[in-house]
Amino acid sequence: MKSAWIAMALAGLSAAEAAGQGYPNRPIRLISPNPAGGANDVIGRIVAQKLSEVLGQQVVVDNRGGAGGTIGTELAVRSTPDGYTLFAGSQSSVTVAPHIYRKLSYDVRRDLIPIATFAEVQNLLNSTTTFAPATVKDLIALARSRPGAIRYASAGNGSASHFGGILFARAAGIEFLHVPYKGGAAAITAVISGESDFNFGPMPATTALVNAGRLKAIAVSGNKRAVALPNVPTVVESGVPGYVVIGWFGLMAPAGTPKAIVERLQAATVKVVNSPETRQQLIRTGAEPSPISPAEFPKFVRDEYERYGKVIRARSFNPAQQPSRPKPPTLQTSAP
């Protein structure tokens, strides 16, 4: 009996090694759990293009947005674990959404394998160009004079832009009117048009619009200024102590993906992200290459999962209590 088990184990190992050696031999699907135009999509497409070159097979981005990223995440975890369906994970879909959308059919800690990080990203507090506040202090003063009247757009309940706005409002002791949209691109479009007043959008989705003069940059959410927008202050230096929100994006695979394939993808991703060309592309979007190594990535994801879970539970965060596309009174954008 023992010899039979050993034979089976060796056979399984040989199959995994063979899979890794022959991998990939057809196109790979990279599921992005967000609509096109958002930060996950922007970063995912940069990395996917370069991975295609390194792996010798096309890596195709498949946008499956909705429900805070949980729709795309579920599709990924239910996919065949053969390395041909991968997942562009992020702070919002992997470490925030599971604590907000509690009745999920999957557990990201069990059902996803963290492979390697793409980048870390600050949120950008941005507004319509006609919005009167030009600084964090101006925005806080206006919000205090008109509690619950200023509209902030998010990519949906549980998104990075939603959570960033909630934490900012509570850190500053103010109240905004949250308006969730179906994805980051829709939220930013609403800000540009004036349908909403401001947004905490991830920089890869907002930096180019700031440079084009279509959005106004007020502050960034990290512990230091962003390389892409060095003249924009952080929220902390603008007068809100302790407010630091940094997102991350990385490659993941369904649990059960052979180790040899995971290692092949790790090596390819590290090569791509460390290349000068990719680094410059990421920096131009407002993202910055992540300092987290593939060996550290699984522990980082677990720690982030626990950290955000504690924050959300402590704050009794409930997206069901957030208004759904309300029609607030028109807010004048002149100074109070």
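Tutor: Searching the whole structure turns up twelve aromatic pairs. Rings of Phe, Tyr and Trp (its six-membered ring) pair if their centres lie within 6.5 Å; planes under 30 degrees apart are stacked, over 60 edge-to-face, and the rest tilted. Take Tyr152 and Phe176: the ring centres are 6.1 Å apart and the planes are at 70 degrees, so this pair is edge-to-face.

Tutor: Before we go on, this is a predicted model: local features need pLDDT of at least 70, side-chain atom pairs count only at pLDDT 80 or more, and totals for chains, interfaces and linings use all residues. Residues are numbered from 1 along each chain as its sequence is written, and side-chain values use heavy atoms, with hydrogens and water left out.

Student: Where in the chain do Tyr152 and Phe176 sit?

Tutor: Helices (H or I, at least four residues) and strands (E, at least two) are DSSP runs, numbered from the N terminus. Tyr152 is in strand β5 (residues 151-154), while Phe176 is in the loop between α7 (160-172) and β6 (177-180), 24 residues apart, so the pair links distant parts of the chain.

Student: Are Tyr152 and Phe176 buried or exposed?

Tutor: Buried means under 20% relative accessible area, exposed over 50%, and partly exposed in between (1.4 Å probe, protein chains only). Both Tyr152 and Phe176 are buried. Phe176 also pairs with Phe168: the centres are 6.1 Å apart and the planes at 5 degrees, so that pair is stacked. Phe168 is buried too. Ring pairs join Tyr152, Phe168, Phe176, Phe198, Phe200 and Tyr243 into a cluster.

Student: Which ring does Arg26 lie over?

Tutor: A charge sits over a ring if NZ of Lys or CZ of Arg is within 6 Å of the ring centre and within 35 degrees of the ring normal. Arg26 lies over the face of Tyr84, at 3.6 Å from the ring centre. Likewise, the charged end of Arg307 is over the ring of Tyr308, 4.7 Å from its centre.

Student: Why does Thr85 count as buried?

Tutor: Its relative accessibility is 10%, so Thr85 counts as buried. Thr85 belongs to strand β3 (residues 85-90). Leaving out residues up to four places away in sequence, Thr85 has contacts (heavy atoms within 4.5 Å) with Arg29, Ile31, Ser79 and Pro254.
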